[in-house]
Amino acid sequence: MSTLTIQHIETRDDVCGGKPCVKGTRIRVWDIHIWHDLRGQSPEEIAATYPQLSLADIHAALAFFLDHRETIQKQMDADQADIAQMESQQGSTKFSRLRDELLKGKDDNADSVPSG
């Protein structure tokens, strides 16, 4: 089993499929990147939502993501491809139908113009 630990970040084969996580948690570096860079949450907002994370953990995860962006992006792309393949092999499930219906409704609402 391989393990990589850098003060706040660790990569272990037995945690989150070997993806880099905040040490002692199952919160992936990728998750923090999503919350901060794509959803616009500040490190303080992330820490308030996930009190098991320190501000140092969050900043370390963001720095780790920037240093390893290409590798982490490839891991996440591979995961998405695996999910798409499994869904296509499995066919429609109650969950996937509900998800698709909710997303369809969200798209329909995005195109509407509020009245008033």
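Helix α1 (residues 29-38) packs against helix α3 (residues 55-67) at an angle of about 95 degrees, and their axes are 9 Å apart. Here axes are lines fitted to C-alpha atoms, for helices over the stretch in contact, and angles run from 0 to 180 degrees between N-to-C directions. This is a predicted model, in which local features need pLDDT of at least 70 and side-chain atom pairs count only at pLDDT 80 or more, while totals for chains, interfaces and linings use all residues. Residues are numbered from 1 along each chain as its sequence is written, and side-chain values use heavy atoms, with hydrogens and water left out.

**The overall picture**

- The protein has 5 helices and 3 strands; helices (H or I, at least four residues) and strands (E, at least two) are DSSP runs, numbered from the N terminus.
- Starting at the N terminus, the elements follow the order β-β-β-α-α-α-α-α.
- Of the 116 residues, 28% count as buried; buried means under 20% relative accessible area, exposed over 50%, and partly exposed in between (1.4 Å probe, protein chains only).
- Among contacts with a separation of 6 or more, 38% join residues 24 or more positions apart; contact means heavy atoms within 4.5 Å.

- Two packed helices are described by the angle between their axes and the distance between the axes.
- The angle makes α1 and α3 roughly perpendicular to each other; angles under 35 degrees count as roughly parallel, over 145 as roughly antiparallel, 65 to 115 as roughly perpendicular and the rest as oblique.
- On the α1 side, V29, W30, I32, H33, H36 and D37 meet I58, A61, L62, F64 and F65 of α3.
- By class, this contact of α1 with α3 has 8 nonpolar, 2 polar and 1 charged residues; Ala, Val, Leu, Ile, Met, Phe, Trp, Tyr, Cys and Pro count as nonpolar, Asp, Glu, Lys and Arg as charged, and the others, Gly among them, as polar.
- Because 7 of its 10 residues are buried, α1 is largely enclosed by the rest of the structure.
- The buried residues in α1 are V29, W30, D31, I32, H33, I34 and W35.
- These buried residues pack against β2 (9-12), β3 (21-22), α2 (43-49), α3 and α4 (69-90).

- G40 sits in the loop between α1 and α2, where it takes a positive phi of about 75 degrees.
- With 56% relative accessibility, G40 counts as exposed.
- Not counting residues up to four places away in sequence, G40 touches W35 and E45.

- The loop between β3 and α1 holds T25, which counts as buried at 14% relative accessibility.
- A polar atom of the T25 side chain lies 2.8 Å from the backbone oxygen of V22.
- The T25 side chain also reaches the backbone nitrogen of I27 at 3.0 Å.
- Leaving aside neighbours within four places in sequence, T25 is in contact with V15, Q52 and L53.

**C16, between β2 and β3**

- C16 lies in the loop between β2 and β3 and is buried, with a relative accessible area of 17%.
- Although C16 is not a glycine, it has a positive phi of about 50 degrees.
- C16 and R26 are 10 residues apart in sequence, with their C-alpha atoms 6.4 Å apart in space.
- Apart from neighbours within four places in sequence, C16 is in contact with C21, R26 and R28.

**A47, in helix α2**

- A47 belongs to helix α2 and counts as buried at 17% relative accessibility.
- From C-alpha to C-alpha, A47 and I58 are 7.6 Å apart in space, and they are 11 residues apart in sequence.
- Once neighbours within four places in sequence are set aside, A47 is in contact with L53, L55 and I58.

Terms used
Polar contact = N/O pair within 3.5 Å; in protein donor to acceptor, adjacent residues only side chain to side chain.
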